[in-house]
Amino acid sequence: MTRIKICGVKRAETLRLLARLDVDYVGLVFAESRRRVDAQTAGALLAAVPDHPPAVGVFVNPTEAELEHVLTHAPLAVIQLHGQESPAFCESVRQRFSLPVWKALAVGGGEPLENVVDAYRGAADAFLFDTYDPRQAGGTGKRFSWEQIPLLRKWTAPAPCIIAGGINADNVAELVGRYRPAIIDVSSGVESDGEKDAKKIRQFVERVREHDRITEGNAYRA
């Protein structure tokens, strides 16, 4: 099964919908963004929906003190580092907070990604690939060349390969069918006018699950 992360959630009604749809992860953004929530708001949001999916906290170049502050209020299951955090910092965070660390890397930024992945190997539990944008760390809604995904999967193995950037209900079947990422991460692709759209979320999840059922059925018949 393809795991789904819906990122940038700010409202309890959205989180309840994700719980009903059995979405695998909810992303809470603590970095500067129109989707940003603070620690207290995140804690209240998660408390309002006790059966919420595992929460992934998205940070850009945080200090460990900032991470500790958030974790005192919000029970995160994963820490996602989306800035220029070093491998040593990732490892320190893993050890200090005993939580998985997902390291986000930009595709198209010019630096050889194979070398970057090697530098973080053992310091990150999964790798998230998003489209490079010099103006912001993520959430651009732009798609990178998916033809690169087989190489990205090869370089990150056995760690999971997470794909983000420009994914929506219209193209997710291509992504899942051709490239089989372990986890797909969507934010703007399930929004309307900058807010999470329940209809788009349902449609997105249905498309992924439908394709998974077809793939599973084909494998069974084979």
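How many bridges join strand β4 to β5, and do these strands run parallel or antiparallel? I looked this up in a predicted model. I found three bridges between β4 (residues 78-81) and β5, and the two strands run parallel. I then looked up the bridge partner of Gln80 in β5, which is Trp102.

Entry on the barrel. I followed the pairing through the strands: eight of them close into a barrel, in the order β1-β2-β3-β4-β5-β6-β7-β8, with parallel pairing. From one strand to the next, I noted an average twist of 25°.

Entry on α3 and α4. I examined how helix α3 (residues 64-73) passes helix α4 (residues 87-97). Their axes come within 11 Å and cross at roughly 35°. The crossing of α3 with α4 is right-handed. On the α3 side I listed Glu64, Leu67, Glu68 and Leu71 as the contact residues, and on the α4 side Phe89, Ser92, Val93, Arg96 and Phe97. By class, I recorded five nonpolar residues, one polar residue and three charged residues in this contact.

Entry on α5. Which residues of helix α5 (residues 113-120) are buried? I found Leu113, Val116, Val117 and Tyr120 to be buried. They lie on the same side of α5, because they cover an arc of only 100° around the axis. I next checked what the buried residues of α5 pack against: α4, β5 (101-107), β6 (126-131) and α6 (149-156). Finally, I looked just past the end of α5, where Gly122 takes a positive phi of about 90°.

How values were computed
Residues are numbered from 1 along each chain as its sequence is written. This is a predicted model: local features need pLDDT of at least 70, side-chain atom pairs count only at pLDDT 80 or more; totals for chains, interfaces and linings use all residues. Side-chain values use heavy atoms; hydrogens and water are left out. Axes are lines fitted to C-alpha atoms, for helices over the stretch in contact, and angles run from 0 to 180 degrees between N-to-C directions. Helices (H or I, at least four residues) and strands (E, at least two) are DSSP runs, numbered from the N terminus. A crossing is left-handed if the near helix is turned anticlockwise from the far one by less than a right angle, and right-handed if clockwise. Contact means heavy atoms within 4.5 Å. Ala, Val, Leu, Ile, Met, Phe, Trp, Tyr, Cys and Pro count as nonpolar, Asp, Glu, Lys and Arg as charged, and the others, Gly among them, as polar. Buried means under 20% relative accessible area, exposed over 50%, partly exposed in between (1.4 Å probe, protein chains only). The arc is that of the directions from the helix axis to the C-beta atoms. Two strands pair if DSSP finds at least two bridges between them.
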